[in-house]
Amino acid sequence: MKINHLDFEQPLVDLEEKIHDLNQMTKTSNVNLSEDVNTLKKKLIQLTSDVFSNLTPWQVTQVARHPKRPHTLDYIPHIFTDFQELFGDRAFGDDPAMIVGLGKLLGRCVVIMGQQKGRTVSEKVYRNFGMPKPEGYRKARRLMQLAERFNLPVITFIDTPGAFPGIDAEQRGQSLAIAENIYTMSQLKIPIISIVIGEGGSGGALAVGVCDYLMMLEYSIYSVISPEGFASILWKTSDKASDAAAVMGLTATQVKELGIADEIIPEPLGGAHRDPVELYTRLQLTLAHRLQEISALNTKERLIKRRQKYDDIGKSQWSDIPSTS
């Protein structure tokens, strides 16, 4: 039996099953159970609100990786029209873990890119679990340069545990490909908006995440390393991932407080996987509005603000540093 829910969602799943059973009984018998159903629905809403308003950083991480959570290819057809996917880096081959293409956002032509994790076992293997190799990043860079040539804004969806760390990726220049993307995005004269829709991990995320405006979905995470990787380095075991998440500052709220994220996009009650259509509509309108604002800036002003945004990350005032005396 497939598990499509998290441990802390079990009480919600139990209530949903009760509601489903009562609805089925109403259909197959002459007993009217609508009042009981409505009572349980109200209880479900309240319980969902209680559960998701008190999530720990590790639980937020689990929601960001939820098996039912929408991925890049779920968002694209609901937010954009006339999407045309492009393939290949013109050097080695194509990387299915990185989706790139052209589309329209409420009539405006844009370049779209993002990692794709896959959902079934075969899809996950095909997409390499959303971990791009150098050809994926070079494919993205090719589209960035295309966007610059035709003056098209770039919108990126971030959803990756990180760049693929395999030997073949290193042999083909993984770190160089990431560095070239970061440099290219820092210099592009066109507007760039990035959205963290699941997990944003390390340079694998930053390689398509240098932007004018960074959005994060409410239950997404953004960090220099995964909690498991952090725990493996600090405590020599990934079993302490929940402890690592508690101190990493990786939730959307924490990342915004650090001045890295510019906006948090609220998710439907219980997370994006419970009502993705509502989120698609909300994100489409927000993207169009933010793109209009960023496009109103002249090129020089936009590049200065982008450079300043990243220069300011990690800065500390002398007054913030505790005295050692």
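Val125 is found in helix α5, which spans residues 121–126; helices here are DSSP runs of H or I with at least four residues, strands are runs of E with at least two, and both are numbered from the N terminus. This is a predicted model, in which local features need pLDDT of at least 70 and side-chain atom pairs count only at pLDDT 80 or more, while totals for chains, interfaces and linings use all residues. Residues are numbered from 1 along each chain as its sequence is written, and side-chain values use heavy atoms, with hydrogens and water left out.

With a relative accessible area of 54%, Val125 is exposed (over 50%; buried is under 20%, and partly exposed lies in between, with a 1.4 Å probe and protein chains only). Together with Val121 and Phe129, Val125 makes a nonpolar surface patch of about 310 Å². Patch members have over 30% relative accessible area and no salt bridge, with nonpolar side chains (Val, Leu, Ile, Met, Phe, Trp, Tyr) joined within 5 Å and like charges within 9 Å; the areas come from the Shrake-Rupley method with a 1.4 Å probe, and for residues only the protein chains shown count as cover.

## Aromatic pairs and charges over rings

The structure holds six aromatic pairs, meaning rings of Phe, Tyr and Trp (its six-membered ring) with centres within 6.5 Å; planes under 30 degrees apart count as stacked, over 60 as edge-to-face and the rest as tilted. One of them joins Phe80 and Phe157 edge-to-face, at 6.1 Å centre to centre and 90° between the planes. This pair links distant parts of the chain, 77 residues apart: Phe80 is in the loop between α4 (72–79) and β1 (81–86), and Phe157 is in strand β4 (residues 154–160).

Arg172 lies over the face of Phe92 at 4.1 Å from the ring centre, and Lys309 lies over Tyr310 at 5.9 Å.

## Salt bridges

The count comes to 20 salt bridges, each a side-chain nitrogen of Lys or Arg within 4 Å of a carboxyl oxygen of Asp or Glu. In one of these, the closest N and O atoms of Arg65 and Glu199 are 3.2 Å apart. Arg65 lies in the loop between α3 (57–64) and α4 while Glu199 lies in strand β5 (residues 192–201), so this bridge ties together parts 134 residues apart in sequence. Arg65 is partly exposed at 27% relative accessible area, whereas Glu199 is buried at 7%.

Lys309 meets Asp262 in another salt bridge (2.7 Å, N to O). This pair also links distant parts of the chain, 47 residues apart, with Lys309 in helix α14 (residues 299–311) and Asp262 in the loop between α12 (252–257) and β8 (263–265). Lys309 is buried at 12% relative accessible area, and Asp262 is partly exposed at 28%. Shared partners join Arg65, Lys117, Asp159, Glu199 and Glu228 into one salt-bridge network.

Notes: A charge sits over a ring if NZ of Lys or CZ of Arg is within 6 Å of the ring centre and within 35 degrees of the ring normal.
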